[in-house]
Each structure stands twice: as C-alpha cells, then as structure tokens.
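Trainee: Can you walk me through this one? I have not looked at it before.

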Amino acid sequence: MYVIAGLGNPGTKYENTRHNVGFMVIDMVAEKHHIPVTEKKHRALIGKGMIGGERALLVKPQTFMNLSGESVREIIDYYKIEEKTELIVISDDISLPPGALRIRKKGSAGGHNGLKNIILHLGHDEFRRIRLGVGDKPSGYDLADYVLGHFNEDDRALIVRSVERAAEAVEVMIAEGADKAMNQFNQKGTGPQE
C-alpha cells in the first residue's frame, strides 16, 4: 500500500497558502480518484482508495507543519509501510520558481521544517518526495510570513497547474515508478534530479 502525505497546516487560516500546496495536491488526487479524506486517525485526516491499480492512503497531517513526522511515523508503523518505496511526501519549496516540480527519491530537507521532522522521525532521508515551487521570498520578507502568505494573481495560475501536474506525478509514481515520474515531470534546468 502506498502512503501519499501532503504537508500543510490545518485550519481555514492556512488554506491556499504557499506552505499548504501539499494539502492542495492531496485534495486534487482525492477528487480525481473519488477518495474522501475525512477520517481522523493518526493525528491526520486520511482516506483510503485505489490509485494506478494499487491501494493508497491519502494523508493530510494535522500536527502543524513542524511536527509532520509524528503523524507520518505513526501511519508507517500502523500500516507497516516500506517507507523507502511506498511513501510519497508532497511539500512546497521556496528554492524552485512558482509552478516548477521536482521529484526525488531521497535527499536533505532543504531547510523545509516539515521534511526535516519526517527525516528526524524516520531516521533517514530515503523516501520519495514531490516538491512544488512557490518562489523565493522577496528581499526584506520574513520567511514564515512569506510561506504562510497567499499567492499573488500572477503565481496563482502557475500553482493551480503545478498542483494538477503533481497529482498526475503521484499516479505515474505509483503505476510506473519514481524514475519514470522524474523523467516525465522534472524540468530541465532546475538542478539535479536524483
């Protein structure tokens, strides 16, 4: 069974903010595959269904971003998931331009507190992830204020499209593997793909 965990912060205050693009992707996947993500379990909202012919668990941790690993660890232990191949984590990334996607099979947290906490709780950084670019903070901005802020009009259309592409990437990763998804969705010129 695959676990697809989109990272974000719970509550209406944080809806559609840069830090919540992971939740937005989960919502898109849930809609496409008719999987209600409403069950409260393991400090998360979860939904079970089928994606690409495989059983899948959609997850929106409700622990707040900085403690995402607590919920993800509970789910991995409960469902006995092989986290190196069956866990897909979706998060925002300020080092990528708005609309860009980057899929990797392992790697550092890159300063992202949600990924940092997951790496802490797993004890390694070898898990699949999809990172969605939200753009770097403008000079003089506080980082927290920036990632908890909403998209401007120019970026919104790019983000909507990247959320759709990330949902497609989840399907490809499950049905055809991470390498195929990396080849298909990683854009040239955005850095190393491994």
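Trainee: How far apart are the end C-alpha atoms of α2, and what span should its residues have?
Mentor: The end C-alpha atoms of helix α2 (residues 68-79) are 17 Å apart, which agrees with the 16 Å its twelve residues should span at 1.5 Å a residue. The expected span is 1.5 Å times one less than the number of residues. Helices (H or I, at least four residues) and strands (E, at least two) are DSSP runs, numbered from the N terminus.

Trainee: Which residues in α2 are buried?
Mentor: S68, G69, S71, V72, I75, I76 and Y79. Buried means under 20% relative accessible area, exposed over 50%, partly exposed in between (1.4 Å probe, protein chains only).

Trainee: Why are they on the same side of α2?
Mentor: Because they cover an arc of only 160° around the axis; the arc is that of the directions from the helix axis to the C-beta atoms.

Trainee: And what follows α2?
Mentor: K80, with a positive phi near 55°.

Trainee: New topic: where is N16 found?
Mentor: In the loop between β1 (2-6) and α1 (21-32). N16 is not a glycine, yet its phi is positive, about 60°. N16 counts as partly exposed because its relative accessibility is 45%.

Trainee: What about R43, what is its phi?
Mentor: Positive, about 55°, and R43 is not a glycine either. R43 sits in the loop between β2 (39-41) and β3 (44-51), and is partly exposed at 43% relative accessible area.

Trainee: Where does the model come from?
Mentor: It is predicted: local features need pLDDT of at least 70, side-chain atom pairs count only at pLDDT 80 or more, and totals for chains, interfaces and linings use all residues. Residues are numbered from 1 along each chain as its sequence is written, and side-chain values use heavy atoms, leaving out hydrogens and water.
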